[in-house]
Amino acid sequence: MRKVISSRKIISLIIVAILASISIFWYFNRYIYKSRAGENTVKVNLSTSEPTVPTAKDFFTSINLSDQKIAALDFSLVYDSTRMNYYKETHPNESGIVQIQTIYDDVTLEEVKDAVELGAGKKRLRIVLLSTANTDIKVGQIISLKFTSKAEGTASFELEKNKFFVAGTDINGNPADFSIEFQNNTTSITISNPPTPTPTITPTPTPTCSGYNYFDEPASNTTIIKGSTILLKGWARFCYGPAGQGVRNRVDLHLFDVTGNTAIKAVAGSVDSENRIDTSSYCGSGNLNSNGWKYNWTVDIPPGSYMLKSTAVNDAGNNCKLRSEKNITIINPTPTIDPCPNFAKGNANCDPQGSITLADFACWRYEYINHEVEDGCGGAQKKSADFNSSNSVTLFDFAISRSSYSRP
Ligand SMILES: [Ca+2]
Ligand SMILES: [Ca+2]
């Protein structure tokens, strides 16, 4: 009997113990755990968008805020200002803030200040963000800040722990000042440019076509009278070419418009060569070489400005040419003054207007009768009134003069 009671007691104790354990677990689970989860703490983690960037590239450093509904933020970020710029520093009219979850529609402060107390090369960026959004504030937010890399090296960021403030709504819907649990308040990025590839040294190719072609005469901008003959000359020597050094297939001359862009006509092909001892030192020329070229051109083109081009050709296939050019101006010849205009029509007194008047009849008559030219008739040359060049002054000459007579 005593043993039975004893067993019952033991069983009861075990049951009580089990119930107690369940109760404690339930209590812990219901209150202790939830209460811990409801602690007004925001976890903060600072990171960069990539481990390494080259210079002059935009990147982000991000602040990840987790576990709470956040409505207001005020923090200071210290960064290496010698190695990077905050985006707003270089773009004053833009914001450097990129919100992954857009909830802040009222940025009340975004400024960069020199953090002189932290030493040279550091700046403090202060950001204050306030949300006036009607929608529910999300649990956990990421704020990214845009920077531009500037100089190679390790660039560091630090969220100042004593300058980080977060407020929002707690789990019960009440306003709350959150305490901060920093998982990472510092991070860094390596700014490094990829090594410059060693330039490949390409061997200098042997020139396939080179040498000299000089257009010596006429002088540049020479004025040439239409109808005259002018000497075009120069010299050309090939140093390299498919047909070989010193070989010259021919020299052609062409006329272009003054711009040199529009060919007008060929002036001459395969012009004559001549010795130019003065050019014998060029490209292995021997003495008494035939580097020179020349052409006597009778100018048969209308007045105007032109360009003459000389083309020295190395090979029969026209693969290697050397050109030179001269600007020229063609003018009409100055008209010669006829000392006795209209003489053939009867202007016996050679008046400069060439008019046929009674004075011309008088000249003819005097000569017809006296067989000599009257003073004042026939001009400076004392021309005979033989208007039709018949070697005699006859009535026919009068008839010529008469037919051109214009009565006053
Ligand atoms: Ca006359
Ligand atoms: Ca006559």
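This is a predicted model: local features need pLDDT of at least 70, side-chain atom pairs count only at pLDDT 80 or more; totals for chains, interfaces and linings use all residues.
Figure 1. Strand E20 (residues 304–313) and strand E21 (residues 321–331) pair in the antiparallel sense, over 10 bridges. Residues are numbered from 1 along each chain as its sequence is written, and chains are lettered from A and ligands numbered from 1 in the order in which they are written.

**Figure 2. The E16–E17 hairpin.** Strand E16 (residues 250–257) pairs with E17 in the antiparallel sense over 4 bridges. The two form a hairpin with 5 residues between them, and Gly260 in the turn has a positive phi of about 80 degrees. One bridge to look for links Phe256 to Ala263 in E17. How many of the 6 residues of strand E17 (residues 263–268) are buried? The number is 0, so E17 lies largely in the open. For burial, count the other C-beta atoms within 10 Å of a residue's own, with C-beta atoms placed from the backbone: 20 or more is buried, 12 or fewer is exposed, and in between is partly exposed.

**Figure 3. The largest nonpolar core.** This core has 29 residues, and those with the most contacts inside it are Val44, Leu77 and Leu159. Strands supplying at least two residues each include E1 (41–48), E7 (122–130), E8 (139–149) and E11 (175–184). The most comes from E3, which gives 8 residues. A nonpolar core here means a set of buried Ala, Val, Leu, Ile, Met, Phe, Trp, Tyr and Cys residues joined through C-beta atoms within 7 Å. Zoom in on Val44 and, leaving out residues up to four places away in sequence, its contacts include Ile63, Leu65, Leu159, Phe164 and Ile180; a contact needs C-beta atoms, placed from the backbone, within 7 Å. A second, separate core of 15 residues has Trp235, Leu253, Trp297 and Leu308 among its members.

**Figure 4. A four-stranded open sheet.** The order is E13-E15-E19-E18, with antiparallel pairing. Strand E13 (210–217) and strand E18 (272–274) are at the edges with a single partner strand each, so one side of each has no neighbour in the sheet. Neighbouring strands are turned by 30 degrees against each other on average, direction ignored. Further in, 7 bridges join strand E15 (residues 229–240) to strand E19 (residues 292–298), including the one from Thr229 to Thr298 in E19.

**Figure 5. H3 against H4.** Helix H3 (residues 358–370) and helix H4 (residues 395–404) pack at an angle of about 175 degrees, with their axes 10 Å apart. That makes H3 roughly antiparallel to H4, a label for angles over 145 degrees; under 35 is roughly parallel, 65 to 115 roughly perpendicular and the rest oblique. Axes are lines fitted to C-alpha atoms, for helices over the stretch in contact, and angles run from 0 to 180 degrees between N-to-C directions. Asp360, Phe361 and Trp364 of H3 meet Asp397, Phe398 and Ser401 of H4.

Figure 6. Most residues other than glycine have a negative phi, and most peptide bonds are trans. Glu217 and Pro218 are joined by a cis peptide bond with omega of about 5 degrees; Pro218 is in the loop between E13 and strand E14 (222–225). Ser270, not a glycine, has a positive phi of about 50 degrees and lies in the loop between E17 and E18. Is Asn391 buried or exposed? With 7 C-beta neighbours inside 10 Å, Asn391 counts as exposed. Asn391 is in the loop between H3 and H4, with a positive phi near 70 degrees.

Key. Two strands pair if DSSP finds at least two bridges between them. Two residues are in contact if their C-beta atoms, placed from the backbone, lie within 7 Å.
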